[in-house]
Amino acid sequence: MSMHWFDYVMVGAFFIVMLIIGFKSKKSVHDSNDFFVAGGRVPWWLSGISHHVSGYSGVVFVGYAGIAYTHGISIYFWWALNIAIAMSIGAVIMAPRWPKLRKSLGIQSPTEYLEMRYNTSTQVIVAISGVIVKLLDVGAKWASMGILLYGFTGIPIWVGIVVSSLVSLVYIAIGGLIADLWTDFAQFVVQIVAGLALFIGVVSRLDDFGFTITSAFNALPEANLRLMNEGRGQGSLSWTLLYFFVIFFSYNGGTWNLAARFISTPNQKEAKKSAFLSAALYLVWPIILFFPMWVGPLIFPGLTQGEAEATLYSSLTNEFLPVGLIGLVLASMFANTLSMCTSDANTISAVLTRDIIPKFKPEIKSLDAKASLFYARATTIGFTSLTILVALLRDYMGGVTGLILTWFAALLGPTAIPLLFGLLPIYKYADSKAAIVSMLGGFGVFILTQLGIQFEADVALIAPLATSFVLFTGITLINKYVLKIEIKPEITDLLDELSDEEMSA
């Protein structure tokens with residue numbers, strides 16, 4: 001399938017805008033603090049839009065398109081609504097703590113505080129484990145972009161993977177987080193225009209296929225209209241309820257690039273408003289976004305889930321959008337993926353530069369502004385290069401959906417538990433032992449599932465996170481009531497400060 005030349009012009013114009021944003025952002029990047037957290041000056045509305053946009057990628061238009069085609073509206077409830085609820089809760093109890101932490105300790109990465117909160121070993125284990133998780137996550141996103149490009153243009157998937165990843169490096173290496181935030185905003189505008197155009201295009205032409213909106217849903221298979229899928233697999237009631245906990249930890253900071261959105265805001269009030277804005281967008285926008293995919297079986301009947309993943313969204317745009325807007329849709333999806341991947345690369349670079357490399361090269365934290373910026377950009381490029389390899393080897397790791405829903409969901413929890421719970425006063429008796437044992441326990445359970453031990457799908461999804469939670473909480477209680485350990489004054493002071501609603505902005 002090939003696009004009209006004007007569609008290529010639209011894609012090219014969009015990326016010119018991205019490059020302009022990158023070069024203009026360079027003026028405000030003077031050191032690693034500017035590169036990683038934009039100096040803590042990001043307004044709530046920009047942070048909230050970026051947080052929302054960073055939850056999308058080509059995966060939504062590939063793996064999730066296939067799920068929406070074959071399983072219908074349940075994807076809204078286990079994915080979008082779950083995120084909206086998780087973010088609404090997190091806006092109150094988690095998001096405000098991140099900018100407070102930056103102001104208290106001067107952190108530039110989400111894991112930088114762990115050395116003081118627990119110890120060096122905990123910080124290194126969380127940092128390295130998280131880097132591995134994001135290698136898989138970002139690799140899956142590059143792979144989805146390659147599949148989308150193949151669907152739109154016919155170019156080989158591996159070429160799309162390499163090209164999309166290299167393009168992203170240009171503006172993120174130049175402008176850092178602030179460039180990423182503004183490109184998020186630009187692609188959010190493009191996504192709204194392109195998504196509404198496709199939604200209107202499909203609705204206005206449903207009568208060509210003999211349907212209205214109401215009759216179209218009535219004509220879908222009954223299973224596609226269930227709020228929850230049957231059984232205990234993906235999208236079932238039990239699976240959805242358990243997946244909520246994965247979502248909560250991920251979107252409230254367990255996924256580091258999302259934590260960075262809150263860290264970069266000026267104060268707790270801005271962070272709270274940012275989280276609520278992201279929640280509201282997740283509540284509304286996916287309904288518009290998924291509608292064309294939900295009625296896909298009526299327009300392109302007979303596809304398998306794999307075929308829908310590979311061709312559905314590109315087929316919809318070619319069928320219902322005029323020349324020019326097809327290119328805009330492709331630019332939107334391209335930008336979605338670049339947004340997620342570049343923000344991940346930026347945050348992982350912060351972790352590498354601030355948390356891992358200093359353990360072997362201590363002088364790196366005392367470098368001048370120019371040298372620290374060099375390391376920031378070098379680690380960004382190095383990490384992205386490794387994610388390309390993961391994307392090229394995607395078929396050996398369960399495909400795009402497998403990477404996201406199996407590896408990422410399973411490995412996220414064990415690292416997120418000590419990271420997020422370490423910010424809460426109720427867990428002030430959690431020490432390095434609780435953190436390390438809980439992570440090792442969660443990883444161990446995941447390894448067992450990969451070695452052939454069978455669980456129901458819902459249990460397998462939550463088992464690593466649940467194991468980490470039980471171990472972390474259990475050891476915390478033992479420390480408090482049995483061992484009655486003493487808490488370092490600086491930890492008590494930090495947790496009190498993070499919980500102080502009257503802390504000055």
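Student: How much accessible surface does the protein chain have, and what percentage of it belongs to carbon and sulfur atoms?

Tutor: The model is predicted, so local features need pLDDT of at least 70 and side-chain atom pairs count only at pLDDT 80 or more, while totals for chains, interfaces and linings use all residues. Residues are numbered from 1 along each chain as its sequence is written, and side-chain values use heavy atoms, leaving out hydrogens and water.

The accessible surface of the protein chain is about 18400 Å², and 69% of that belongs to carbon and sulfur atoms (Shrake-Rupley method, 1.4 Å probe; for residues, only the protein chains shown count as cover). Of the 505 residues, 60% are buried, where buried means under 20% relative accessible area, exposed over 50%, and partly exposed in between (1.4 Å probe, protein chains only).

The secondary structure consists of 22 helices and 0 strands (DSSP runs numbered from the N terminus: helices are H or I of at least four residues, strands E of at least two). The radius of gyration is 22 Å, close to the 23 Å that the globule rule gives for 505 residues, so the chain is as compact as a globular protein of that length; the radius is taken over C-alpha atoms, and the rule is 2.2 Å times the number of residues to the power 0.38. Along its principal axes, the C-alpha trace spans about 70 × 50 × 45 Å.

Now to the aromatic side chains. The structure holds 24 aromatic pairs. Rings of Phe, Tyr and Trp (its six-membered ring) pair if their centres lie within 6.5 Å; planes under 30 degrees apart are stacked, over 60 edge-to-face, and the rest tilted. W78 and Y243 are edge-to-face, because their ring centres are 5.7 Å apart and their planes at 70°. This pair links distant parts of the chain, with W78 in helix 6 (residues 74-93) and Y243 in helix 12 (residues 237-254), 165 residues apart. Both W78 and Y243 are buried.

F209 and F320 form a tilted pair, 6.1 Å centre to centre with 50° between the planes. F209 lies in the loop between helix 10 (157-204) and helix 11 (213-219) and F320 in helix 16 (residues 305-320), so the pair ties together parts 111 residues apart in sequence. F209 counts as partly exposed at 29% relative accessibility, whereas F320 is buried at 7% relative accessible area.

W78 and Y243 also belong to a cluster linked by ring pairs, together with Y64, W79, W239, Y251, Y282, F290 and W294.
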